[in-house]
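Please have the sequence and the model open side by side.

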Protein chains: 2
Amino acid sequence: MRDTTIIGVDWGSTNVRAFLMDADGELLDRRDSARGGVRLDAGEYPQVLRALIAGWPRDPARPVLLCGMVGAREGWAEAPYARCPAQVSDLAAGLISIVTPDGEVRIVPGLAAEDADGLMDVMRGEETQVIGAIDHGYDGLVLAPGTHSKWISVTAGRMVGLKTFMTGELFALLSAQSVLAKSIEGDAPDPAAFRLGVSRALADASLSRLLFSVRTEALFGRLPVTSTASYLSGLLIGAEIQGGLALVGPKPPKVTVIGVPALAALYADALAVAGVEVSATVDGGAAAARGLWRFSTHLTRQGA
Amino acid sequence: MRDTTIIGVDWGSTNVRAFLMDADGELLDRRDSARGGVRLDAGEYPQVLRALIAGWPRDPARPVLLCGMVGAREGWAEAPYARCPAQVSDLAAGLISIVTPDGEVRIVPGLAAEDADGLMDVMRGEETQVIGAIDHGYDGLVLAPGTHSKWISVTAGRMVGLKTFMTGELFALLSAQSVLAKSIEGDAPDPAAFRLGVSRALADASLSRLLFSVRTEALFGRLPVTSTASYLSGLLIGAEIQGGLALVGPKPPKVTVIGVPALAALYADALAVAGVEVSATVDGGAAAARGLWRFSTHLTRQGA
């Protein structure tokens with residue numbers, strides 16, 4: 001089976017990443033596309049997939065593995081959420097199968113969690129990245145920052161808790177469309193202003209009040225308007241850290257950040273203000289590819 | 001001087017309210033206009049004021065009193081912020097004078113506060129409403145809910161602290177333009193969903209995380225999409241209450257809400273979830289008129 005190839009696709013709302021891997025999970029080829037799920041009707045997925053992986057060797061005995069928004073209610077076909085606690089085998093048990101003229105595809109379910117207060121949280125795609133980013137037996141936190149930042153607590157390799165923070169979306173809305181936009185010019189990074197925002201959010205949980213300080217800092221000339229974007233980013237990421245650390249306590253044994261280097265560095269900087277060190281950073285594409293590969297090995301072991 | 005009339009204008013960003021009062025502060029006439037400050041250049045104020053109060057008896061010895069955005073940097077003329085702690089006499093000392101061909105006008109300064117963490121907060125117009133809403137010697141909180149909700153702590157009739165929460169603006173942005181918009185249909189009130197949001201925000205300060213639960217409550221069918229607007233409103237107002245009560249402790253001696261009856265009732269409902277009773281509610285226009293009148297009596301006492 002050494003010649004077997006594995007095809008996996010991380011199919012998000014806006015972007016698509018397709019991976020061709022060998023049986024050991026080594027990446028042989030990768031293709032990126034902008035044909036994310038929000039632009040597709042359910043009936044368009046088969047032909048978009050065909051074009052995306054055209055020319056790649058496809059083993060008819062091995063389904064193509066898909067994760068992400070492709071499995072949402074408004075995607076290709078709904079793969080109902082698995083529930084925390086969950087590890088790769090639990091998610092593999094929830095794979096849904098679609099048979100197409102080109103062969104079978106299987107879609108990874110999203111993952112849902114319910115906290116002690118009865119609040120639900122969900123992710124789609126990040127569960128596969130987490131599986132690809134951590135080793136067997138991992139204990140600690142995994143962060144996938146972004147539009148909707150995901151914080152996942154992991155115990156003995158099992159995802160046990162999940163919180164979503166609307167950090168990226170709030171930043172975009174507030175910096176462009178709120179009263180704060182008048183106090184913000186450009187988005188050049190100012191590390192000191194960023195850390196000031198982080199430390200204030202860690203000290204005072206009143207986010208909807210702290211946000212207004214973007215305006216007053218500019219109004220009283222305490223921050224130049226060219227530094228307020230960094231300050232706002234710091235407030236939002238600081239609030240995220242305060243809420244996220246509550247998943248595991250103030251000193252998680254390990255913290256893994258999934259994301260591009262610039263974003264991972266920003267979070268490492270913010271976490272340092274909270275006295276927390278990042279153990280590892282993993283690129284999102286690499287994490288997704290490795291997670292999809294882990295699902296494929298699980299299929300093999302099950303004889304699927 | 002019994003025949004003397006007093007003219008005061010609450011000149012906000014979007015709306016203008018002009019009041020004609022007798023020497024005892026009794027309202028003789030009121031006019032409303034949509035010629036708020038955001039639509040005016042500085043040079044337009046004199047003629048807009050002339051039209052607004054046309055036909056009202058104007059005592060040449062008594063300046064017309066203005067409060068609100070009219071005194072902002074981008075208003076008619078800047079009336080620099082007074083600082084907490086402040087009572088009516090402190091603000092009266094900061095009135096700025098403009099002499100026009102029609103007579104003198106004076107503009108009430110806004111009020112700024114700096115908290116123990118070095119955070120600045122500001123208001124313009126609400127300081128006059130607070131002065132109009134409370135009695136001499138008042139102890140407790142005054143709330144002026146809205147786009148930017150103001151919480152003012154008052155000790156012995158003196159405004160000592162101030163916090164602004166971006167509640168109304170966040171609600172508008174999130175319900176119309178964020179991912180949450182897909183989970184919200186209409187804005188019919190659902191008191192139970194509202195109270196659920198309030199109690200969750202009181203229990204968990206992670207606002208940017210709680211907001212995402214608007215989506216998950218709808219996704220898992222726990223709240224109908226016709227109830228999620230109320231739930232979102234509850235989350236934001238609950239977060240505001242949690243942060244606002246920190247100004248005075250969990251059991252303020254008095255709580256006065258300034259606002260139209262529907263909004264005041266909503267806040268009374270939310271405060272009840274936190275175990276706090278509203279002592280009084282005051283209409284915003286009535287509070288502004290009475291506050292402007294109090295400034296006028298102060299001028300008299302100073303012989304101005």
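In this predicted model, chain A superposes on chain B by a rotation of 180° with 0.0 Å of shift along the axis. The RMSD is 0.0 Å. The two copies are thus related as by a two-fold rotation axis. Which residue of chain A comes closest to that axis? A:Ala205 does, with its C-alpha at 3.0 Å.

**The interface**

Contacts between the chains involve 46 residues of chain A and 45 residues of chain B. Of the interface residues of chain A, 98% are also interface residues in chain B, so the copies meet through the same surface. About 4,100 Å² is buried between chain A and chain B. Carbon and sulfur atoms give 59% of that area. Six salt bridges are found across the interface. A:Glu114 and B:Arg222 form a salt bridge through their side chains, at 3.3 Å from N to O.

**Helix 9 of chain B**

Helix 9 of chain B covers residues 261-273.

An α-helix has 3.6 residues a turn, so residues three or four places apart point the same way. B:Gly275 follows the helix, and its phi is positive, near 80°.

**Backbone details in the loops**

Most residues other than glycine have a negative phi, and most peptide bonds are trans. The table lists departures in both chains.

| Site | Feature | Value |
|---|---|---|
| A:Cys84 to A:Pro85 | cis peptide bond | omega near -5° |
| B:Cys84 to B:Pro85 | cis peptide bond | omega about -5° |
| A:Ala156 | positive phi | about 50° |
| B:Ala156 | positive phi | near 50° |

Where do these sites lie? A:Pro85 is in the loop between strand 5 (82-83) and helix 2 (88-92) of chain A. B:Pro85 sits in the loop between strand 5 (82-83) and helix 2 (88-92) of chain B. A:Ala156 is in the loop that runs between strand 11 (149-155) and strand 12 (158-165) of chain A. In chain B, the loop between strand 11 (149-155) and strand 12 (158-165) holds B:Ala156.

Notes. Residues numbered from 1 in each chain as written. Chains lettered and ligands numbered in written order. Predicted model: local features only at pLDDT ≥ 70, side-chain atom pairs only at ≥ 80, totals over all residues. Heavy atoms only, no water. Helix = DSSP H or I, 4+ residues; strand = E, 2+ residues; numbered from the N terminus. Expected span 1.5 Å × (residues − 1). Least-squares fit on C-alpha atoms with pLDDT ≥ 70 in both. Contact = heavy atoms within 4.5 Å. Buried area = accessible area lost by both parts, 1.4 Å probe. Salt bridge = Lys/Arg side-chain N within 4 Å of Asp/Glu carboxyl O.
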